[in-house]
Amino acid sequence: MRNLAILVCVTFLCQAGCQKPAPLTVEPPAAPPAGTLSVTVLANPDTNIAVNPIDSVGVLPTDQTNYSGFFLVNSVKYDYGHGAISGASASAYFGDRNRPLVVNGKIVGYYGLDLMPSAVFPLKIGGIPLVRFPYKIHIGNRDTTFGSIYRAPAYFLATIQPQTRYDWDDPGPDTTRLMPFKDSVVTPEDLTVLAPPGGSILSRLKPVELHWKGNGNISIIVSSYNLLTGKTKPILQLQPAVNTGSAVIEPHVLQLLPQTKYFVFTFIIANKGDRPLGGLSVNDRILVQAASVYNSYVQFQ
C-alpha cells in the first residue's frame, strides 16, 4: 500500500508539471471613482514672484509664473449671495523678463511690452482692435504703472459667447522685438455653480458638497478673501478626476485652510494652449486661454 501511495503521488506531480502554466494577465489600474478630488496646496511655485488674483483672471498660479505672456478671453461670474453678476474680459499682455519690478527683494511683476506702438498695425481679437492701458501693479496701498496691457472695448465684450471661436491677430511689422502673431481659441461651455452658492456659511467639520454645470477640463481654486480690501490669496487647488458635475471636500482637507472667515471658491473651465512668441528668448512662451470662471464667496465657521 505504501508503494502504491508513493506511485500515485509521483504520477500526480508529473501530470501537474506537464500542464501549461496559465497565461499571465495584468489588470488595468482601477479608475478613480467619480467625485474624487486631487488636492494641491498652492505655495507659489516661485515665491519670489507675485501672482494676480485668480477670481478675476482665471489663470492658475503655476501658469502665471511659467508664462511670459497671456492672451485671454474670459467670461466671469461673481456670486456674493445676491445672485451672480456676469462680466467678460479679453486682454493681452507680454512681460519682459529682462525688466523685472523688484520691491524689497521680491519680483512683483515684469514690464508690459508695447505690442502695438503704431495704430497702423493694431493688435486685434475677432477683428476688433484692442485698447492700450497702463499695466498697473498693486504695491501696498498704491498702484505702480509698469508698461502696457491691452484690453478689448466694452462693445466687443458684450458679444463674447460660449463655444465660439475667437481669433487673435498681431501683424507684427510695427515692432522689431516680436514676430507676427496669429492664433485662435474656442470659449468653453457656460459654467454655473450650484453649490456652494455665494453667501453660504459652511462648517470646517462637515463635508462640503460641490455641484456645477458645464463640461470641460475643470479646476477649483479655494482662496482666502479679505472683505475690506477685496484681495484674495490662493490656498488650495482641487482637481476632479472626472468632470461629473459634482465632488465632495472632506473635512480633513478643509483643515488645510487658514483660520480666517471669508473664502472664495473659483471654478474654472478652460480651453488653453501655449506657444512661443518669436523675437525674444526661446524660454518666453505665451498662454492662449479661453475660460468660463465662476466665483462663489462663502464663510467658514
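How does aspartate 167 count at 32% relative accessibility: buried, partly exposed or exposed? Aspartate 167 counts as partly exposed. Here, buried means under 20% relative accessible area, exposed means over 50%, and partly exposed lies in between (1.4 Å probe, protein chains only).

The model is predicted: local features need pLDDT of at least 70, side-chain atom pairs count only at pLDDT 80 or more, and totals for chains, interfaces and linings use all residues. Residues are numbered from 1 along each chain as its sequence is written, and side-chain values use heavy atoms, with hydrogens and water left out.

The chain has 301 residues, and 42% of them count as buried. It contains 5 helices and 18 strands. These are DSSP runs, numbered from the N terminus (helices: H or I, at least four residues; strands: E, at least two).

The largest nonpolar core holds 25 residues. Such a core is a set of buried Ala, Val, Leu, Ile, Met, Phe, Trp, Tyr and Cys residues joined through side-chain atoms within 4.5 Å. Among those with the most contacts inside it are Trp212, Phe267 and Phe300. Several elements give two or more residues to this core, including β13 (208–213), α5 (251–254) and β18 (285–300). Strand β17 gives the most, with 4 residues. A second, separate core has 24 residues, including Val73 and Tyr150. In soluble globular proteins, nonpolar side chains tend to be buried together.

Four strands form an open sheet in the order β6-β5-β9-β10, with antiparallel pairing. Two strands pair if DSSP finds at least two bridges between them. The edge strands are β6 (128–129) and β10 (181–186), and each pairs on one side only. Strand β9 (residues 165–170) is joined to β10 by 6 bridges. Aspartate 169 has lysine 182 in β10 as its bridge partner.

The salt bridges number 6. Each is a side-chain nitrogen of Lys or Arg within 4 Å of a carboxyl oxygen of Asp or Glu. One joins lysine 272 to aspartate 63 (2.9 Å, N to O). Lysine 272 lies in strand β17 and aspartate 63 in helix α3 (residues 61–66), so the pair ties together parts that are 209 residues apart in sequence. Lysine 272 is partly exposed, at 47% relative accessible area. Aspartate 63 is buried, at 9%. Another salt bridge joins arginine 165 to aspartate 167 (2.7 Å, N to O). Arginine 165 is exposed, with a relative accessible area of 56%.
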